[in-house]
Amino acid sequence: MQITMLYDLGTASRLEDLIIPPLWEENGGCITGVADGVSCSQYLTGKSGGQRAGNILLQTLAMAEQQQTLEELILTANKAVGNLHESHGISLDRPDLLSGVVFAIAKTWQNFVQVIQVGDCFALWVSMRDEIGITPNQVFVRGNMKPVRAELMQKHHGDRQKAQEDLKLVLAQWRLEYANKKRFGGYGILNGQPTLNECLQSF
């Protein structure tokens, strides 16, 4: 199996994107994927909340036991992120204040591949029969950010930094309304909320 990863930091001010390198299991299985941190809080370690959540996810996957399913590993990481928030006095009922991580993670073994995805990360694959598959973007279903970004850039006369600050407020409101709320057409984010399990998309 060939795994190709492309990466670009873009205009981000801090590194919160995460490549999950191939983690091989004793049975020949492999876990790999991508993740993107979402920050709302700065913790004492000097790392952003999104970086901390991404590190917790990566460490959980790296310590996987053979019998654990991919979903179990993700929910274990989610619980650890929730514990981190609560240790800093942040309520899990306030997704606008919760840092987290979105992801697309694949587990392969023998002739089977499982992909679990949340948020706006995605995975693309080509089968041996040249059939192409791609995971849907949960966030894009809620709405397109491009018009919002364009409006904020116009409001701030092209000042990207000021537009970005306003965009954070818009995204916080989106998280409050839609994060891990499947019944409202929401999207998943690994931020410690137990309702993440309702938003996991498995392929």
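**Entry 1: glutamine 117**

I started with glutamine 117, which turns out to be buried, with a relative accessible area of 0%. The cut-off for buried is under 20%, so glutamine 117 qualifies. A reminder to myself: this is a predicted model.

Next I looked up where glutamine 117 sits, and I found it in strand S4, which covers residues 112–118. S4 is mostly covered, since five of its seven residues are buried.

What does the side chain of glutamine 117 reach at 2.8 Å? I traced it to the backbone oxygen of glycine 119. I also noted a polar contact of 2.4 Å between the side chains of glutamine 117 and glutamine 201.

Then I listed the neighbours, leaving out residues up to four places away in sequence. Glutamine 117 touches Phe103, Ala104 and Phe122, among others. The list also includes Thr135, Pro136, Asn137 and Gln138. Cys199, Leu200, Gln201 and Phe203 are on it too.

**Entry 2: the sheet around S4**

I wanted to see what S4 belongs to. I found an open sheet of five strands in the order S1-S2-S3-S4-S7, with antiparallel pairing. Which strands stand at the edges? They are S1 (17–24) and S7 (201–202), and each has a single partner strand, so one side of each has no neighbour in the sheet.

I took the S3 side of S4 first. S3 spans residues 100–109, and it pairs with S4 in the antiparallel sense over seven bridges. I picked out phenylalanine 103, whose bridge partner in S4 is valine 118. I also checked tryptophan 109, which stands opposite phenylalanine 112 in S4.

S3 and S4 form a hairpin, and I counted two residues between them. Glutamine 110 is in that turn, and its phi is positive, at about 50°.

On to the S7 side. S4 and S7 run antiparallel and are joined by two bridges. Which residue in S7 does glutamine 117 stand opposite? It is glutamine 201, the residue whose side chain makes the 2.4 Å polar contact with that of glutamine 117.

I jotted down a general point here: in a regular strand, side chains alternate between the two faces of the sheet.

**Entry 3: helix H1**

I moved on to helix H1, residues 49–62. H1 has 14 residues and reaches 20 Å from its first C-alpha to its last, close to the 20 Å expected at 1.5 Å a residue.

Which residues of H1 are buried? I noted Gly49, Gly50, Ala53, Gly54, Ile56, Leu57, Thr60 and Leu61. They cover an arc of only 155° around the axis, so they lie on the same side of H1. I then looked up what these buried residues pack against: S1, strand S2 (30–38), helix H2 (70–87) and S3.

**Entry 4: two loop residues with positive phi**

I finished with two residues out in loops. Aspartate 130 lies in the loop between strand S5 (124–126) and strand S6 (132–134). Its phi is near 65°, a positive value in a residue other than glycine. Is aspartate 130 buried or exposed? At 64% relative accessibility aspartate 130 counts as exposed, because the cut-off is over 50%.

Histidine 157 is in the loop between helix H4 (145–155) and helix H5 (160–178). I read a phi near 50° for histidine 157, again a positive value in a residue other than glycine. Histidine 157 has 75% relative accessibility, so I wrote it down as exposed.

How values were computed
Residues numbered from 1 in each chain as written. Predicted model: local features only at pLDDT ≥ 70, side-chain atom pairs only at ≥ 80, totals over all residues. Heavy atoms only, no water. Helix = DSSP H or I, 4+ residues; strand = E, 2+ residues; numbered from the N terminus. Buried < 20%, exposed > 50% of the residue type's maximum accessible area, 1.4 Å probe, protein only. Polar contact = N/O pair within 3.5 Å; in protein donor to acceptor, adjacent residues only side chain to side chain. Contact = heavy atoms within 4.5 Å. Pairing = 2+ DSSP bridges. Expected span 1.5 Å × (residues − 1). Arc of directions from axis to C-beta.
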